[in-house]
Amino acid sequence: MKTFFSALLNFVVGTGEALFFFGDVCVHLLKGKIRWGEVLKQIYEQGVQSVIIIALTSFATGAVLALQGYVMLNRFGAKENVAQLVALSLVRELSPVFSSFIFSGKAGARIAAELGTMKVSDQVTATRTLGVDPVEFLVVPRILACFMVLPGLVVFSELIGILGGYTIGVFDANIQSSAYIHQTIRAINFVDFFSGFIKTLFFAAIIGWVCCYQGFQTKGGSLGVGQYTTKAVAFSYIMVVLFNAVLTKIILTFWG
Amino acid sequence: MITIKGLSKRFDQQLVLDNINLEIKKGELLVILGESGSGKSVLLQHLMGLLKPDQGSIAIDGQDITKMKEWQLLKMRKNIGYLFQEGALYDFMTVFENVAFPLVEHTQLKRKDIKDKVKRVLKTVGLEEAGNKFPSELSGGMKKRAALARAIVLDSKILFCDEPTSGLDPIKSRSISFLIKKISSELHCTTVVTSHDIRNSFRIADQVILIKEGKVVGSGTPRVLQDSQDAFIQEFLS
């Protein structure tokens with residue numbers, strides 16, 4: 001019983017600290033204390049280096065969707081609808097969630113490990129001794145970069161995923177190229193795109209926040225860096241999945 | 001002038017600092033000696049405002065820093081240099097960029113003036129050739145010199161050094177100790193050094209205090225401490 005209450009207390013305190021940390025970031029953003037040079041550097045490091053892995057996984061996802069979709073839809077004589085299935089699945093759900101997972105595993109882990117290493121080697125404290133706020137210098141640019149990079153990566157992922165579906169649809173399922181493109185364009189309306197995109201903004205904030213917070217909590221040398229980085233990625237995944245469920249319900253309630 | 005009154009700090013059940021009272025005069029070089037875990041570094045972190053005490057006050061030039069908010073402390077720290085035990089240089093910056101960082105952050109100097117100033121400070125610490133190197137390419141002694149350069153680049157009037165000789169061989173320990181003494185004299189800055197390196201501490205200190213289990217058990221000039229008849233002081237110094 002004592003262990004349960006102790007765990008509960010730790011959870012409440014931890015959540016409170018994490019929220020306070022996020023509040024601190026928001027205060028800096030509202031005050032306009034943004035180091036744009038650092039933000040650009042982070043955009044390059046988080047974005048450019050995630051492009052290839054996002055492209056590969058998105059192409060494969062689109063292709064697999066088309067393969068599976070073709071098998072099922074062909075049973076009902078509706079193989080032309082593969083294009084719609086691929087496009088809608090990717091734009092509304094798969095690209096935002098999958099890209100966020102990959103981004104969390106790549107850029108998020110990098111953020112947590114970088115900040116964690118800085119924490120255990122006193123570089124974060126050194127920032128304070130140099131009269132500079134570490135949240136302003138190290139956290140705000142990273143979170144802002146997440147916010148700018150992930151939506152771009154998701155749109156890129158959607159396009160590449162659709163290309164993967166097109167490749168299977170046209171070259172394997174023998175659907176006419178013009179028909180596939182026409183079906184794809186007809187399938188997606190603004191709400192479909194918007195519902196996926198708005199989720200991405202939330203996911204970006206979550207990944208940036210969780211990974212920076214875990215990085216700043218790191219203790220225990222190199223072992224601690226490994227543990228807190230793993231924690232950062234695991235918490236990001238869980239939060240993305242949970243928020244995806246909540247946001248999907250809200251979006252479907254309001255926009256169908 | 002730095003005045004510490006009744007400073008106490010507890011971590012969980014362990015009393016780390018126990019009613020410390022101390023006065024550090026302007027321009028003085030004070031060495032805090034003590035065994036590992038005696039509370040030296042914790043005391044230094046309190047002086048920098050990195051930790052809040054459970055009791056007591058610390059006044060730097062009349063201002064009680066224990067009552068300051070973090071933004072006030074950030075402002076105050078611009079005037080204080082702090083040398084970390086392991087240097088704590090930014091590993092994503094070169095030595096030059098590390099030393100230039102406080103100037104970029106807190107002064108309006110032009111790029112050329114920053115370059116000149118950094119070169120001058122690097123020369124002072126004997127690292128004029130290492131500006132383009134990253135911290136990972138430096139030896140332990142060089143890292144401490146680079147960190148010392150970063151700590152003094154704003155011509156701070158107060159310098160805190162946490163175990164500057166730890167992990168260094170006797171020759172490098174002596175060299176860094178004399179460098180701290182030289183810088184302290186040239187900049188006329190109040191300097192507080194924590195150490196367990198008795199020989200080098202006695203070479204450079206104006207005043208020495210000895211801490212045991214969070215309490216000051218001896219203080220005075222190196223000569224006074226050497227002549228003390230206290231059993232612990234004798235044992236520690238032997």
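Mentor: Helix H6 (residues 170–187) of chain B lies across E3, E7 and E8 of chain B, and H6(B) runs at about 165 degrees to E8(B). Helices (H or I, at least four residues) and strands (E, at least two) are DSSP runs, numbered from the N terminus. Axes are lines fitted to C-alpha atoms, for helices over the stretch in contact, with angles from 0 to 180 degrees between N-to-C directions. Contact requires C-beta atoms, placed from the backbone, within 7 Å.

Trainee: What kind of model is it, and how is it numbered?

Mentor: This is a predicted model, in which local features need pLDDT of at least 70 and side-chain atom pairs count only at pLDDT 80 or more, while totals for chains, interfaces and linings use all residues. Residues are numbered from 1 along each chain as its sequence is written, and chains are lettered from A and ligands numbered from 1 in the order in which they are written.

Trainee: Which strands does helix H1 of chain B lie across?

Mentor: Helix H1 (residues 40–47) of chain B lies across strand E3 (29–34), strand E7 (158–162), strand E8 (190–195) and E9, at about 155 degrees to E8(B).

Trainee: And in what order do the 6 strands of the open sheet come?

Mentor: The order is E6-E7-E8-E3-E9-E10 in chain B, with mixed pairing; two strands pair if DSSP finds at least two bridges between them. Strand E6 (80–83) and strand E10 (215–220) of chain B are the edges, each pairing on one side only. Neighbouring strands are turned by 15 degrees against each other on average, direction ignored.

Trainee: How many bridges join E9 to E10 in chain B?

Mentor: There are 5 between strand E9 (residues 207–212) and E10(B), which run antiparallel. Val208(B) stands opposite Gly220(B) in E10(B).

Trainee: What does E1 of chain B pair with?

Mentor: Strand E1 (residues 2–11) of chain B is joined by 7 bridges to strand E2 (residues 14–24), and the two run antiparallel. Ile2(B) stands opposite Ile24(B) in E2(B). The hairpin of E1(B) and E2(B) has 2 residues between the strands, and Asp12(B) takes a positive phi near 55 degrees there. E1(B) also runs antiparallel to strand E4 (residues 55–60) of chain B, with 5 bridges; Ile4(B) has Ile58(B) as its bridge partner in E4(B).

Trainee: Changing topic, at what angle do H3 and H4 of chain B cross?

Mentor: The axes of H3(B) and helix H4 (residues 111–124) of chain B come within 10 Å and cross at roughly 125 degrees.

Trainee: Why is that pair called oblique?

Mentor: Angles under 35 degrees count as roughly parallel, over 145 as roughly antiparallel, 65 to 115 as roughly perpendicular and the rest as oblique, so H3(B) and H4(B) are oblique to each other. Residues of H3(B) in the contact include Phe96(B) and Leu103(B), and those of H4(B) include Ile114(B) and Lys117(B). By class, the contact has 9 nonpolar, no polar and 1 charged residues. Ala, Val, Leu, Ile, Met, Phe, Trp, Tyr, Cys and Pro count as nonpolar, Asp, Glu, Lys and Arg as charged, and the others, Gly among them, as polar.

Trainee: How many residues does each chain give to the contact between chain A and chain B?

Mentor: Chain B gives 15 residues and chain A gives 11. The largest share on the side of chain B, 4 residues, comes from H3(B).

Trainee: And the secondary structure of chain A?

Mentor: Chain A has 8 helices and 0 strands.

Conventions
Two residues are in contact if their C-beta atoms, placed from the backbone, lie within 7 Å.
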